[in-house]
Amino acid sequence: MRPILLQGHERSITQIKYNRDGDLLFSTAKDHVVCAWYSVNGERLGTYQGHQGALWTVDVNPTTTLLATGAADNTIRLWEVKTGRCLKTWDFPTAVKRVEFSDDGTLLLGVTEMRMGYLGTVVVFPINPDIEATQAAEPLFTITMSGSKATVAAWSYLNKYIITGHEDGSVGQYDGKSGELIQDVQAHEPDFLITDLQMAPDRTYFITASKDKTAKILSVDNLKVLKTYVTDTPLNTATITAKKDFVILGGGQEARDVTTTSSRQGKFEARFYHKIFESEIGRVKGHFGPLNTVACHPKGVGYASGGEDGYVRVHHFDKPYFDFMFEVEKMASAQRQLQ
Amino acid sequence: MAPQYLDTEDKFDDEDIDFSDLKEQYDVRLEEGLDAFVVVDGLPSVTEAIKPKLVKVLLKKLSEVGRTNADAIFMPLNDETKKTEGYAFVEYETPEQALAACKKLNGFALDRAHTIYINKLTDIERFGREGRIDETYHAPEVEPFVEQEHLRSWLSDPNCRDQFCLYRGDMVGVFWNKKKDQPESAVDRSHWTESFVQWSPLGTFLTSIHQLGVQLWGGPSWKRIMRFYHPYVNLIDFSPDEKYLVTWSNKPISVVEGNPTLGPEEEGKQFLIWDIKTGTLLRSFAAIETSDAQPEEQKGDKAAPVKRKIHWPIFKWSADSKYVARVRPGQSIDVYETPEMGLLDKKAIRIDGVVDFDWAPAIPTVGGKKTPEQMLCYWTPEMGNQTARVSLMNIPSKTIARQRNLVNVIDARLHWQNEGKYLCVKVDRHAKTNKKATSTNLEFFRVAEKDIPVEVVEIKEMVVNFAWEPKGDRFVLITAGEPVAGAAVQTPKTSVSFYCPEKIKTGVGKFRLIRTYEKRNSNAIYWSPKGRFVVVATVHSQQGADLEFYDFDFEGERKQSEKDLTANLQLMGTADHYGVTDVDWDPTGRYVVSSVSMWKHMMENGYHIWDFKGTSLLEEHVDRFKQFLWRPRPPTMLSKEEQKEIRKRLREYSKVFDEEDLYEAESANKEVIDKRKRQLDEWLAWREKVEKQLREERAKEGLPEDSREETWAGEEEGDTVIEEIREEVISEHEEEVV
């Protein structure tokens, strides 16, 4: 499983996304440029230029026609994937930390930062899938966070809920149509930031990563903690793999502390845990800074990680990865075949 | 309406308040001026004519501890009998002298019939005042007998597992070793200690160190057995039989009056020696001011405390715990007898220039006969015409058993073999030709043989580490070459050498080198407590962190060149533990633990358990890990014959053990499998429920079952064709165009 090293960014990577087909990979970094890559060989397809600040987030719609990005220049921009043309720019008073298309591509959410007297918000825009159409200028609704600010957010299945992860370690559930708060739970240790929140392929459960060194799987419907993965390092990102029942966690020592110790100590490895048994299966080394983001290929044939070191590493899984099974799983699958 | 508090103020009256408790606490003691007075009791009753004579005798005695004069001795006469009453009041110059008189002269026998008792006048006032002494005798209440817990209960574990203590973060816990599995907790408490924990030498007590002193814990319930009050205690040491405890604090004790354990005589002392069973203080000692500390103090900032390296223990115990001794550098060795804690024969053993000493760790057998005497070894450096000397002395007879003169000595270190059979004196000396270079001589005293013959092994390089095989006669040493000038690496490479005696018909032959491994980074030697196996490690080093497991009695083929040696050395395994700081064998010599303590550095703290041949059993990363300590075991109570019998039948026993292990592994495995099965079933059931719900909801909205299926439909069947255009430079030509 020799990784492909994508050296297109000059600063630390902030987010990576596969498109739904899995053939393209989009990455954002603090260097103002969005890159699109062929996931199979790491060839760069192109870049999207226009942002005036560090990019924090990227997402692509289900048909891979539209690309949304959020940046520290206080804008969300919508791009045509094919040409790199900027279709729409929404301005905000503060930086945008997270954008995500809904499962059907008709809605886009954005998480804005709390700063300079503005409270953190989650905004929801209607999206017209037609490239040539003019997009709405005003959001459908805005959720304002009066308590702890939201750091990440995601759509549930059928756009039923918006799930938010907060700075104080809590997870919130909002109505996807009206933006009303339904409930929130203190999923992680209080005062430990939730750094990432990624949905399972069918968006019925999600994984959160936190600085409290754990990642957790919660159910979308009732925010019940289903699984907990305990590690020895603060986590920046977590993703659920398709096909195999694994999760991939990434993190490492805080970037500002890295220079004071050896890279060995930094724990800059992607960690694989078994999703159901919560036990660690393996680690993938390579980055020499903390991992900021991991994304799994939608078909589960590979994954990509982006680090503080500015590199994206694209991995394709080998046969042993797919063959690996716990005894219990082998027994269960054998039984299923019998039936 | 007036505020409420005004009313109360009006009614307030000083007279109503009972100040008696405060008065008692803060009242100024008026007897201050009487501190220099003592009352002498038990004097003979004499007539006025003889009185001056008595005063003279008394004065002579009293002047031994302080300054007083005949006028300061007041011996009242009884008006009727015209005789003295048998007591006297004496004034000393200072309260300290009065105190010294009370301490030293109390109970002194003046003659056969008269023993004098000396007390401070203020004490008589305080304790003897009217009404304070009950005239009728009350028998002291005998406390009902409370059954003590068995302090060695851990030894009766059905599987004979060993325990260890883990100190990490604020938690101190004792765990059972479960080999490859997670250790099983016996007890786990937070903030059990404030600085570190320590086992007593036989494993009976766990010691916790606090700002106020030391506490001992033990028994199956881990309750407190005893505590010893010593403010700011830094280090402790047990006597080998766990009867006595030495505590040391960097700060001299300042006694608060009224303290039940520490009296005024403990003022300024740094060492306290305790009886563990009763918890009583036996004696306190002040630190010895070393002369070399003086100039340092003048040089450095006066306010900053002088940091001196101390070699702990300072008070060293003899093998039978009958004597405890410390060295007064350059002057003498002070040997104290337990439990009275008086100097042996009431005087220190005067040895000019003495640098260091050590007790034989076991009662040595000289010439095959068991001598009941303890033995200690000390060395003195070159002084004037006298060469440096290593001497062996018998205690209590103070006879010199053996003495050896040495020349060109820089430093010497004493290494006893743990049975006291051999003493190796590592002598660092100037090379004969080149004054700058140093070499090392190992002087072996064969204490167990008649007349204690000495054998010398010369080593060309500096020996940085040396270790005897426990219960054996082999040793390992590490030498360091000269540091290469200008080399990037600070520490020079080391060599590890293994030695054993030659094979001879009777007795123990000459020590011979087995093998030397060169160009290593190793710096530490850890013998198995049962001998035979040894771990040579690189600890706390930037260069590496390797552990090498050697067997001295390898049961395979042996090299032709080593045929006449009593060892067959074999490297069994090597391992690597990043950043390792400590290595510790379990008391049975079956397991080795290497650990990384946060006290040394913060990287990858935790511990690894290995078996004796270097196979990794368990790797634990523990956040803020501090200490790993195996619980020591007391020596076996089986006789030699019984041990032999067990060794003979080991095969039968081990079969049973193997079966037990297998059973345990299976049941543990089963547990894990069951748990996983349950988890898997739960998950699958939950998924089924959720998927069904999702399908229904999608159907309600008129959407296909899975949004993804449509995008991927068709794709799965045919192989996707990925077009990739690669441009390659096949060859490059450079043509010159004319």
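**A strand residue and the B–A interface**

B:Thr494 sits in strand 34 of chain B, a run covering residues 494-501. The structure here is a predicted model. With a relative accessibility of 7%, B:Thr494 counts as buried, because the cut-off for that class is under 20%. Leaving aside residues up to four places away in sequence, B:Thr494 touches B:Ile478, B:Thr479 and B:Ala480, and also B:Tyr517, B:Glu518, B:Lys519, B:Arg520, B:Asn521 and B:Ser522.

Now to the contact between the chains. Interface size is often quoted as the accessible area lost when the parts come together. For chain B and chain A, the buried area comes to about 3000 Å², and carbon and sulfur atoms give 58% of that. Chain A puts 35 residues into the contact, and chain B puts in 29 residues.

As for charge pairing, the count between chain B and chain A is 3 salt bridges. One of the residue pairs forming a salt bridge is B:Asp623 with A:Lys213, where the closest N and O atoms are 3.6 Å apart. The rule for polar contacts finds 3 residue pairs across the interface of chain B and chain A, with both residues at pLDDT 80 or more.

On the side of chain B that touches chain A, the elements giving two or more residues are helix 8 (650-701) and helix 9 (707-712) of chain B. Helix 8 of chain B supplies the largest share of that side, at 15 residues. By residue class, the side of chain B that touches chain A splits into 13 nonpolar, 12 charged and 4 polar residues.

Key:
Residues are numbered from 1 along each chain as its sequence is written. Chains are lettered from A and ligands numbered from 1 in the order in which they are written. This is a predicted model: local features need pLDDT of at least 70, side-chain atom pairs count only at pLDDT 80 or more; totals for chains, interfaces and linings use all residues. Side-chain values use heavy atoms; hydrogens and water are left out. Contact means heavy atoms within 4.5 Å. Buried area is the accessible area (1.4 Å probe) that two parts lose on being put together, summed over both. A salt bridge is a side-chain nitrogen of Lys or Arg within 4 Å of a carboxyl oxygen of Asp or Glu. A polar contact is a pair of N or O atoms within 3.5 Å; within protein, one must be able to donate a hydrogen and the other to accept it, and residues adjacent in sequence count only if both atoms are side-chain atoms. Helices (H or I, at least four residues) and strands (E, at least two) are DSSP runs, numbered from the N terminus. Ala, Val, Leu, Ile, Met, Phe, Trp, Tyr, Cys and Pro count as nonpolar, Asp, Glu, Lys and Arg as charged, and the others, Gly among them, as polar. Buried means under 20% relative accessible area, exposed over 50%, partly exposed in between (1.4 Å probe, protein chains only).
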